[in-house]
Amino acid sequence: MFTSTGSSGLYKAPLSKGLLIIPSTLSLLLALLFQHYQKFFTYNLQAVKEEFQIWRLVCGRTVCLDLKDTFCSSLLIYNFRIFERRYGSRKFSSFLLGSWMLSVLFDLLLVEVVECSFGLTINSLPSGFLGPVFALFVPFYCSIPRVQVTQILGQFSITNKTLVYILGLQLLTSGSYIWIVALSGLISGMCYSSSVLKVYHVLCVPSGVARIFAWTLEPIFSSVEPSSEIRVGMGATVDIQRQQRMELLDRQILMSQFAQMRRQRQQQGGMINWNRLFPPLRHRHNANYQDNHQTEHEVLPQAEVSEEQVARLMEMGFSRVDALEALRASNNDLNVATNFLLQH
């Protein structure tokens, strides 16, 4: 679901911000001003196989030539920025690089299979950074909790993931052979995420390269930390008002998710400690809070916290104090602690 608005919505996601700005800008320029250069960004497989124009595997798989594909893929990247926040820019970029490289092989393989099976001749595929975008649906399906928002006609559930899947279907139906790119992207995502194949040990961004990009490009694409204060009033334009409604709906979804987790833990004999989860994190800069609630903390038992999970949260950019507090409050549930810290 769409989260924080504006540049603050890309806080701790500089790579996602760069993928939104650079390819979209190039796509607009090629569509509006430099149409005669579009031929260099065509994903022409025939030219690759017959004329050995290997450079098309790079140029043709970076910039979308269809503005509809640009719009849909940009919205999906914005939603998938949660993975960069959760795993860090280096792991996120490694996933994109690995799935991008793997999808090249699966593109060529699937085209050959279709041509041999059905006698079709496929000279080109849709251009753009589409393979990794479809590959991100794999971790999105596997690791993002499904929270029901509402129901239609009492039978069809609308969840926090429904709009993302609708965007994916819209992108999937935008071209005649884009299903090949989508299928190769999904296969690439599954192969890269597989703990059996362990492709992520081979196709990854070296730490030295990651540090260079962190020094040079991250300051350019980094975003300001969003304010913890709730904005009041409505925006001056319809777009701003729509974004503010999205932000409010996202908060409601988060609260619904925590309520669902609470019900599950109550059924299992345990429950999330709300008094320790919300107030200390929201008022962690209030020096008087700890004194006023000292007796309450003495009564509540301290849950054991896994140092490995603390380290994982600290790798995402959170402080040790916040990581410990969130893990204790969520009964050492890493997903619940991560989701709450990302939203606050």
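Colleague: Where are the cut-offs for buried, exposed and partly exposed?

Modeller: Buried is under 20% relative accessible area, exposed is over 50%, and partly exposed lies in between (1.4 Å probe, protein chains only).

Colleague: What kind of model is this, and how are residues numbered?

Modeller: The model is predicted, with local features needing pLDDT of at least 70 and side-chain atom pairs pLDDT 80 or more, while totals for chains, interfaces and linings use all residues. Numbering starts from 1 along each chain as its sequence is written, and side-chain values use heavy atoms, without hydrogens or water.

Colleague: How many helices and strands does the protein have?

Modeller: The count is 19 helices and four strands, taken as DSSP runs numbered from the N terminus (H or I of at least four residues for helices, E of at least two for strands).

Colleague: And what share of the residues is buried?

Modeller: Of 344 residues, 44% count as buried.

Colleague: Which helix is largely enclosed by the rest of the structure?

Modeller: Helix 18, residues 320–329, is largely enclosed because seven of its ten residues are buried.

Colleague: What happens just after helix 18?

Modeller: Asn331 follows there, with a positive phi of about 55°.

Colleague: Now Arg86. Is it buried or exposed?

Modeller: Arg86 is buried, at 5% relative accessible area. Its place is in helix 5, residues 81–87.

Colleague: What is Arg86 in contact with?

Modeller: If neighbours within four places in sequence are set aside, Arg86 is in contact (heavy atoms within 4.5 Å) with Ser143, Ile144, Met316, Asn335, Thr338 and Asn339. Across the protein, 71% of the contacts between residues at least 6 apart in sequence join residues at least 24 apart.

Colleague: Is Leu32 buried or exposed?

Modeller: Leu32 is exposed, with a relative accessible area of 56%. The residue belongs to helix 1.

Colleague: Different topic. How many aromatic pairs are there?

Modeller: There are 13 in the structure. To pair, rings of Phe, Tyr and Trp (its six-membered ring) need centres within 6.5 Å; planes under 30 degrees apart are stacked, over 60 edge-to-face, and the rest tilted.

Colleague: Why is the pair of Tyr37 and Phe40 called tilted?

Modeller: The planes of Tyr37 and Phe40 stand at 35°, so the pair is tilted, with centres 6.3 Å apart. Tyr37 is partly exposed at 40% relative accessible area, and Phe40 is also partly exposed, at 37%.

Colleague: What about Tyr192 and Tyr200?

Modeller: That pair is edge-to-face because the planes of Tyr192 and Tyr200 are at 65°, and the ring centres are 6.4 Å apart. Tyr192 is buried, at 6% relative accessible area, whereas Tyr200 is partly exposed at 28%.

Colleague: Which residues form an aromatic cluster?

Modeller: One cluster is made of Phe80, Phe83, Tyr87, Phe134, Phe137, Phe140 and Tyr165.

Colleague: And which charge sits over the ring of Phe140?

Modeller: The charged end of Lys161 does, 5.0 Å from the ring centre of Phe140. The test is NZ of Lys or CZ of Arg within 6 Å of the ring centre and within 35 degrees of the ring normal.

Colleague: What lies over the face of Tyr78?

Modeller: Arg81 does, at 4.0 Å from the ring centre of Tyr78.
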